[in-house]
Each structure stands twice: as structure tokens, then as C-alpha cells.
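Q: Please take a close look at a single part of this model. Start from one residue, then widen the view to the contact between the chains.

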Amino acid sequence: MDIQIKKGLLDVCVLTVINKQDSYGYQIIKDISTCIEISESTLYPILKRLESGCCLTTYSLAHNGRLRKYYRITELGKQRIYDFFEEWKELEQIHSFIIQEGRT
Amino acid sequence: MNMNKELYLKRLRSLIRALPDGERRTIIDFYREIIEDKMESGQTEAEAVAELGDVHVLAQKILAENPNRKPHDANRIAGIVLASFFGVMIVAAVVVNALSVVNFRTYATSTQQQSVEQEAETAEGRKVSAPVTKIKCIYVDAENKDVEVIRGTGNDITMAYETDADQSFTFTTTDGVMKLVNRQRFKNDLFHFLSSANHGHIEVGVPEGYAGEIYLNSSNGMILVSDALQVNKLTCDTSNGTVRLNNIHAETVIVDTSNAQLDLTQVTASKVNASSSNGRITVKDLASPDVNLNTSNGSIKGNVVGAEQDYNIHTSTSNGNCSPSDHSGGTKDLTCDTSNGDIDLTFSE
């Protein structure tokens, strides 16, 4: 898949996962991996970008004698997911245009 | 090659040393947590580490993604200070200077890329603005400066600040996020305390009708917010500075400080969360159905709007007096926790 498209999709995938419930790095990777391949080194910049874009906030919780960093979606993050659905409608129109015009 | 966790992380830390210390720590913590979580879910240490791949490849990838190399000017200024201290190190300063020019070029290109989508007109240094209709989130990371949010006029959100040779401000507006980040250029300065004594402030003007989010962040500065009336979410985070809110209507208010006091006057919100580690929390006419006040070594004092019986009250202090007492059966929640201070809250209609 085109790298730019994948990048944009992964942002929304991460937001969708933490929209369900607050989550941490490894769990996010596991959740997303069922649908699209993502490595740790891909996830880190996504989380950072989403945080600096105010789409998520972070907090740490003690877990087995260490700290685990959790990611929580913000209202702005939820808005991003919503925007994605809106954009997707446009993409579908383009898609059906390409299919139709391609046939003739 | 089999490498254990600590060795892998140590190598990684050293390979990404061009990054600022804070960023480097966050990155190492992130990978450490991943490795530990993998081990906890049944992998061996060697497997968990091996899955991250060759440490040099990972380091290259991290560096390629990260435009925030250590500030170039710090090298140059450090060079000059050294030269004047030791006199004879001019040659070294020239070398450092030459390096910093190279650094500067790469840095400049990456900043330009970031600001491509910038919608607002940026005046030189002192005052930047963006139309209120385009912005969903205001974000200020002030480092050592005070931040003051006031009611602005007109249709633009404005940010005004004093420029200063040892501060570097980055302003961007991307995807509806208006963001101003300040970085102290000269972090390891011996005279840091002298220079930060006169630390100036950032003034943010928010016109009526702004209904987005506001995030304010400062390490050593105060955060003052007044007359923010329809904000969705207001978050204030500071390590050593006081947070003072006055006349705020927001959906959610979150304030957090480590070593300073929190003052909330006439704050109305669906949810209020205020926490301090070592400072006192004072509220005046706080109106919210969901209040959480939390400090370790300070007192919690003031008044809450409403009738006491409407609240589920949970208060706890280890070494202080406590009023009101716990109460349940209400429709609103009030939680106050402190370890070493008094809790003294009253209710007013």
C-alpha cells in the first residue's frame, strides 16, 4: 500500500483502538496487527504526533513494579476519527467514479 | 547476536544521543516497556529484544524521524563560553561553530516542512495569530515562561511573547491546532538561575466564541487563565509554577502542578480535576457535578456552589483536619485527598 495512505490510516487505527479504552504501547500493536502490520518503531512516531496534535494524552500507571504509559483519546482525537469517516465518503465517490469510467 | 534488554537499550541510548535528553528518555522508556510487556506475555528476553531488530537500524529510523536534534545554538554558545573561560580554546569554538552551521541547515529544512500548512500570518517574533474559526485546539508549551490567557477582542486568537536570545519559539498551525512551543536554548548553563529570574511571559488572547480545547504547559512558569467562557477542555500542567484560574466555563478542567499552589476562582465545569503534589489547592465558588481535588502535602480550602446533601462526598487526609465529612446518596461527586494538610470546604448556594 502507498506509504502516505498507510500512514494516515494508521493514525486513525491507533485513535480507534484507544477510543474503545485507554491502552498502552504493546496492546495497541497487538490490537492493530490483526488488521494491518505495524512495528514498534512505526507506532512511536504516530503516538508522538497524535500527542503533539492534542489527539491524545498520556498518563502512567504502576504495573508489576514498573510504570506503564497509557494513552487516552481527547475530544480532538475523536473528531479526527469522525473526520476520517467524512473523508471516506469522498473516497468512495472517487472509487466508484474510477470503476465506472474504467469500464467504458 | 543475542543481546539482553539492558545492553540493547544502552546501545540505543548511545546511538540516538543527538536527540534532546527528554526525548531520548521517552524513547528508551517506550522500548523498555514494549520489551517488558512482551516478556510478560511469555516471550523470552532474547526473543523480545530480537523482535525489535538490529539496534543500529532502529536508531537510524528514530533519528530519521526526529527533526528535534539538540539545539544548534547551544553548541555555539557553549563554545563561546568555553573560549572566554579558558581563552585558549578558540580553535575548538571555531570547530563547534562550523558544526553548528551544518546542523542549522538540516534543522532549518525540517522546520520549513513542518510549517507548510500554516494558515496564520506570522509576524516577526512577537505576536502571532490565527482566525478563531479555524482553530480547535490551542497548545502552549512555555518551558520557563509564564502563560497568561485573557479574553481577546476581534476574530483572531493571538499569542504575544517577548523574544529573547536564549529562547527559541516555534509556532505552527496544523489541522486546527495552534501551537507555540518555547525551548530554552542554553539548558546546561551555569547561570541558568540568573537568566530565568527575568523570565517574561506569553500572553494568549482568546476571543469570545472559542469553544475548542486549551492546553497550557510550563515547567517553571505560572499559568493564569481568566474569562475563558465556552471552552471545551482546559488543561494546565506545570512543575513549579502556580496555576490561577478565574471565571472559567468549560466542559472539563484539568490542572496539575508538582510544587506550587492551585487557585480556582469561579470555575464552572462538568468535570474538574485539580492535583498538586506539594502545594495547596484553593477554590472559590467552584461549580461542578464532578470534582476531584488532590494534593499530597498541602491543604484544600474554599467553597463549592451547591447544597452539601447533593454531593457524594469522599474526603481523606492522613495528618490533618477534615471538613465536610463523607456523605453518599447525592447526585454529584466531590472527592478530596491530601496526606499532610487540612481539608476545609464549605457549601454555598
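In which helix of chain B is the place of B:K5?

A: B:K5 sits in helix α1 of chain B, residues 5–15. Helices here are DSSP runs of H or I with at least four residues; strands are runs of E with at least two, and both are numbered from the N terminus. This is a predicted model: local features need pLDDT of at least 70, side-chain atom pairs count only at pLDDT 80 or more, and totals for chains, interfaces and linings use all residues. Residues are numbered from 1 along each chain as its sequence is written, chains are lettered from A and ligands numbered from 1 in the order written, and side-chain values use heavy atoms, with hydrogens and water left out.

B:K5 is buried, at a relative accessible area of 13%. Buried means under 20%, exposed over 50%, and partly exposed in between (1.4 Å probe, protein chains only). Its side chain makes a polar contact with that of B:E36, at 2.9 Å. A polar contact is a pair of N or O atoms within 3.5 Å; within protein, one must be able to donate a hydrogen and the other to accept it, and residues adjacent in sequence count only if both atoms are side-chain atoms. Beyond neighbours within four places in sequence, B:K5 is in contact (heavy atoms within 4.5 Å) with B:R32, B:I35, B:E36, B:E45 and B:V49.

Now the interface. There, 29 residues of chain B are in contact with 30 of chain A. B:F30, B:E33 and B:D37 supply 23% of the area that chain B buries against chain A, more than any other three residues. The buried area between the two chains is about 2,300 Å², with 53% from carbon and sulfur atoms. Buried area is the accessible area (1.4 Å probe) that two parts lose on being put together, summed over both.

Eight salt bridges are counted between chain B and chain A. Each is a side-chain nitrogen of Lys or Arg within 4 Å of a carboxyl oxygen of Asp or Glu. One of them joins the side chains of B:D37 and A:R68, at 2.7 Å, N to O. On the side of chain B that touches chain A, α2(B) gives the most, with eleven residues.

Chain A itself has four helices and three strands. From the N terminus, they run α-β-α-α-β-β-α. Of its 104 residues, 38% count as buried.
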